[in-house]
Amino acid sequence: MARKKGAKAKLRDHFLANIGKVMNSDELRNVAGNITEWARRVRELRTEEGYQILTHNDRSDLTPGQYILEEAEPQPAFSRAISKETRAFVLDRNGFTCQMCGAVAGEPHPYDPSRKTRLHIGHIVDKSQGGTDDAFNLRALCSVCNEGASNLTLERPSVQKLLIQVRRAKGGDQVELLKWLVQKYPEQSKKFIERQR
Ligand SMILES: [Zn+2]
């Protein structure tokens, strides 16, 4: 009796049968037999087997949740282009915080509290646009944003938008925010309080 094909093999076959075609997450989840780990399997095809499966992090014409395999030939160097040292440097520089949604590594994800936030490294300028694997072109992204599940825009909120949100928040939440800010900016906080006296 033939062994049942695993989710990764099904995904690999599907990508290879649809080279150059944009696929979305629903389609891939379906192909993988609706397992929750489908996105991880896709990532493994990319990082372990070197298939150049691109997402919105790699190509600006793709929207979050879209995937495309550009060519059949895997490129083992694709996943290893970014060194461990560079990864560590970028994560540290970004304060172990997702640069799209602000989720912090190891904490429950704000948009899906059942998941612990795991961070990945994404390109700022995608490689098809000439972006490099150098640290200045890399940023920390959580798995939710990396998989395109959060549907957030790339733009950072303006101070006006932030203030509108903060003014509408409950007093207790405002105090939580104050605690976070004082912890993040101890020197600035001290100076600010001294000036208020
Ligand atoms: Zn995120």
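Modeller: Lys and Arg count as positive and Asp and Glu as negative, with His and the chain ends left out, and each charge is placed at NZ of Lys, CZ of Arg, CG of Asp or CD of Glu. On that basis, the mean positions of the 33 positive and 25 negative charges of the protein lie 5 Å apart. This is a predicted model, in which local features need pLDDT of at least 70 and side-chain atom pairs pLDDT 80 or more, while totals for chains, interfaces and linings use all residues. Residues are numbered from 1 along each chain, and side-chain values use heavy atoms, without hydrogens or water.

The part to examine is the zinc ion, which is coordinated at 2.3 Å by the SG atoms of C98, C101, C142 and C145 (donors are N, O and S atoms within 2.8 Å of the metal, or 3.2 Å for Na, K and Ca). The angles among these four donor atoms run from 106 to 113°, and the site is tetrahedral (all angles between 85 and 135 degrees). Along the sequence, the donor residues follow the spacing C-x2-C-x40-C-x2-C. C98 sits in the loop between α5 (84–93) and β4 (108–109), whereas C142 belongs to strand β7 (residues 138–142), so this pair ties together parts 44 residues apart in sequence. Both C98 and C142 are buried (under 20% relative accessible area, 1.4 Å probe, protein chains only).

Around this site, the protein has nine helices and seven strands (DSSP runs of at least four residues, H or I, and at least two, E). Of its 197 residues, 35% count as buried, and its C-alpha atoms fill a box of roughly 80 × 35 × 30 Å along the principal axes.

Methods
Four donors count as tetrahedral if all angles lie between 85 and 135 degrees; four count as square planar and six as octahedral if opposite donors are over 155 degrees apart and all others between 65 and 115; anything else is irregular. Buried means under 20% relative accessible area, exposed over 50%, partly exposed in between (1.4 Å probe, protein chains only).
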